Amino acid sequence: MGLDCSHLSDGQPRIQLHRHVVPHTFRYYGHKGKIIRHSCASWVQPPPRPSSSPQKKFFFLNFIVFAFKPPQNFFFHRGKKPRVEFSDFEIIGDPGLRKPIDSYPYEVRDELRRLYVAKGPTQPCDHKFPQTDFGEIRRSFQKQWFKDFTWLEYSVNKDAAFCFCCYLFGKGQNHKHGDDIFTEVGAPNSPHSGAVIQLLGFKNQRQNVEYVLSKQSSQTEIEYRARLTAVVKVIRFLLSQGLAFRGNDESINSIRRGNFLELTKWYCEESEEVNKVMNLNAPGNNQLTSPKIQKEIVNACATEVRQAIVNEIGDKFFSLLVDEARDSSVKEQLSIVLRFVNDNGEVVERFLGVVHVSDTSARTLKNSIDDFFAINGLSISKLRGQDENKYAYYIHCFAHQLQLVLVATSKKNAHVCSFFEYLAKIVNTVGASCKRKDALLQKQYDDLVKSLESGEIPTGKGKNQETSLARPVTHVLETIYEDADEVNSRGIARGLIDKMWQFEFVFIAQLMVHVLAKTNTLSMCLQQRTQNIVTAIQMIKTVKEDLKKYRNDDDYWEELLGVVTAFCVKHDIFVPNMQDPLPGRARLYRSVDGQPKTYYHFFRRDIFFEVLDFIVKEMDDRFTESTSELLICISCLDPRDSFVHFDRGQLLRLSEFYPDDFSISDKFELKAQLDTYISYMRSSDGAAFSGLTDIGDLAKKMVETNIHQFFTLVYRLIELALVLPVASATVERSFSAMRTIKNDLRNRMGDEFLNDSLVCYVEQEIFKSIENEDILQRFQNMQTRRIKLPS
């Protein structure tokens, strides 16, 4: 192993075993403190004694070989300090599940301690601590102890207390917990007091031996701060825009060195103050531009964002939204989003990160979520909305259910299914080449100019966009039919033209446009982050009633038929007489009441009625939450029409769904509080609440008027109702961001770097609120740095 040998002032040798030790290399201090390096092929041959130096100035040791198996992420470099990297999942949050510090190789312990110090002790204040029988008394851990003893930790897994200081610096006391943790607190010479002193010294990097040996001037520290601040600003810009850091060629002579180096260069050119401390003006071993430093700063940024989200949640109830998708390197990534009600009474959904999972089995997903909660200091006892908690309630994404309704409808009706099959063929045929796309766009442009000149369509901002107009597809198909060299292509084009030029095709197209227009409004509302489940259920009921009315009202049928007929007349498409019998074989078009089936029966009963009936039935089958007891109880909180749906009995029943949140005394008090609450809301004093339309507005108004402090139990019911998830749109948005961050050109990005980059990119609002100083301190405390920030 590498040893440092020097001499004290009295001439006695001083032997120091460095934390970063490298095999095959040792060094010792010679005359006047000069370091002499010697590289040897084996461990048994000592270095030769320099003849020019006094013999008493040197001290030689017999070498001892220490053998250990280094961890997988422990890298040896010949003649350099080893580089140690730990992922977040190696830093265990639960103190009862950690490996003792002494079980790690000596060389990595300080780095591990540094990461644990940056994370802090595990103190789940919002956890419901179980009670234990002590004779006739039931006792439990008290969260007040966290405030009295800042070093105290609690293991949810083992229901035991641990000392954070003793875990990091205690000798042989890594597993002491329970009653033992308080036995020697306060004794000046106790191992606990020694561990506390060691931790305080460890946090102060200026007391570090390496810092003392390489102490820098105050001016060097000031320049270091300026240099680090400039690098942090560059990285924050790249993270907020989702841009790549590295370049294909980062050599000094390259003109495209990557976004990070190029932006740093531009920053130096624009700011003389930055240029004075960067690049050639910075020490060669402290440039702060290496990929490792970049990733550490990104991790510091992401950690601050996640910590801000966890602090925002505090001890509030929250629900969990998860979904998985594959990234560009074909890895399964699990996205995690938390939904809660903030201090202003607003529903908030925050993205916390992605976790790589080897498979999507229930056990793997559960273990991944448990590990994620432990790492970020989240307590599962406050989780609502998932089966992991016995008082939770699972809700399938409403937006996804609506999509499944439409997909099922398109497959159950033969005529609609045939329509979408032909539509897919038309799109594929027209978009098969760039030439056809250009012809399509040009024809659309010509038609648009012609319509604007004739005054047929109005002008205005946002109108007549490319995606909002029906494209002249038939013109392109006719061009294909006329100009194609292959008979097969011409035949396909001819068949598609004949199909499009039929009344049935136009009728189904117009019908689906009307149906999708009605469901699109619902879909957009369901994807709002602030949407609550009561309003969502009410909107679903409204859409179903609208569809039923659309089906049964003859005026809507006549309106649809008029639109289709006018379109067909304008484009010279044959319009059949609705009273004429259908042509063709009787097996395909059976008679109705003994009479031949007419066009009227075919279009209205076989298509119009059947499609709408399928949609309403699918919505009833899939949105079963509207008939559940929990949702019926929650709907009694609806403030519309002067709280017309209020029912005290149902709200008391709602509190029984959450026995841990409402004790027996709380339920007794809730009865009286509900009576006072509804009387106040319906009185003149509650006039501010008369125009509210949903529970979300009710919660915000209660916080705004401080009424939530008087009706605390009622507000607790409202919070529990609001945290129930409606849709996983926020999770889907994180996948869209993932495709931006980890694209095909960056498909080798590591999971930890991807996770950190995504958190900063998705939660930009919080990221922008983080001060640079917080990031600097987080980065500085992640490891023992060569230069310190000025105090």
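Tutor: Let us begin with contact, which means heavy atoms within 4.5 Å. Helices (H or I, at least four residues) and strands (E, at least two) are DSSP runs, numbered from the N terminus. The model is a predicted one, in which local features need pLDDT of at least 70 and side-chain atom pairs count only at pLDDT 80 or more, while totals for chains, interfaces and linings use all residues. Residues are numbered from 1 along each chain as its sequence is written, and side-chain values use heavy atoms, with hydrogens and water left out.

Student: Which residues in H18 meet which residues in H19?

Tutor: From H18, Asp554, Trp557 and Leu560 meet Tyr600, Phe603, Arg604 and Phe608 of H19. By class, this contact has five nonpolar, no polar and two charged residues. Here Ala, Val, Leu, Ile, Met, Phe, Trp, Tyr, Cys and Pro count as nonpolar, Asp, Glu, Lys and Arg as charged, and the others, Gly among them, as polar.

Student: Why is H18 called roughly perpendicular to H19?

Tutor: Helix H18 (residues 554-570) and helix H19 (residues 599-622) pack at an angle of about 115°, and their axes are 13 Å apart. Axes are lines fitted to C-alpha atoms, for helices over the stretch in contact, and angles run from 0 to 180 degrees between N-to-C directions. Angles under 35 degrees count as roughly parallel, over 145 as roughly antiparallel, 65 to 115 as roughly perpendicular and the rest as oblique. H18 is therefore roughly perpendicular to H19.

Student: What makes H6 and H7 oblique to each other?

Tutor: H6 and helix H7 (residues 259-270) pack at an angle of about 125°, with 10 Å between their axes. That angle makes the two helices oblique to each other. The crossing of H6 and H7 is right-handed; a crossing is left-handed if the near helix is turned anticlockwise from the far one by less than a right angle, and right-handed if clockwise. Among the residues that meet are Val231 and Phe237 in H6, and Phe260 and Tyr267 in H7. The classes in this contact are nine nonpolar, two polar and one charged.

Student: How do you know that Phe505 is buried?

Tutor: Buried means under 20% relative accessible area, exposed over 50%, and partly exposed in between (1.4 Å probe, protein chains only). Phe505 has a relative accessible area of 9%, and therefore it is buried. This residue is found in helix H16 (residues 503-526). Leaving aside its neighbours within four places in sequence, Phe505 is in contact with Phe419, Tyr422, Ile426, Lys499 and Met500. Phe505 and Tyr422 are 83 residues apart in sequence, and their C-alpha atoms are 9.4 Å apart in space.

Student: What makes the meeting of Glu296 and Lys292 a salt bridge?

Tutor: A salt bridge is a side-chain nitrogen of Lys or Arg within 4 Å of a carboxyl oxygen of Asp or Glu. For Glu296 and Lys292, the distance from N to O is 2.5 Å, and their side chains meet in a salt bridge. Both residues lie in helix H9 (residues 291-313), four residues apart, about one turn of the helix. Glu296 is buried, at 7% relative accessible area, whereas Lys292, at 25%, counts as partly exposed.

Student: Why is the pair of Lys331 and Asp751 said to tie together parts of the chain?

Tutor: The side chains of Lys331 and Asp751 meet in a salt bridge at 3.4 Å, N to O. Lys331 lies in the loop between strand E11 (318-326) and strand E12 (332-341), and Asp751 in helix H27 (residues 751-762), so the pair ties together parts that are 420 residues apart in sequence. Lys331 has a relative accessible area of 28% and is therefore partly exposed. Asp751 is also partly exposed, at 26%.

Student: How many salt bridges does a search of the whole structure find?

Tutor: The search finds 30 salt bridges. One of them joins Asp606 and Lys597, with the closest N and O atoms 2.7 Å apart. Both Asp606 and Lys597 are buried.

Student: What makes Asn279 partly exposed?

Tutor: The relative accessible area of Asn279 is 32%, so the residue counts as partly exposed. Asn279 is found in the loop between helix H8 (272-275) and H9. Its phi is near 55°, a positive value in a residue other than glycine.
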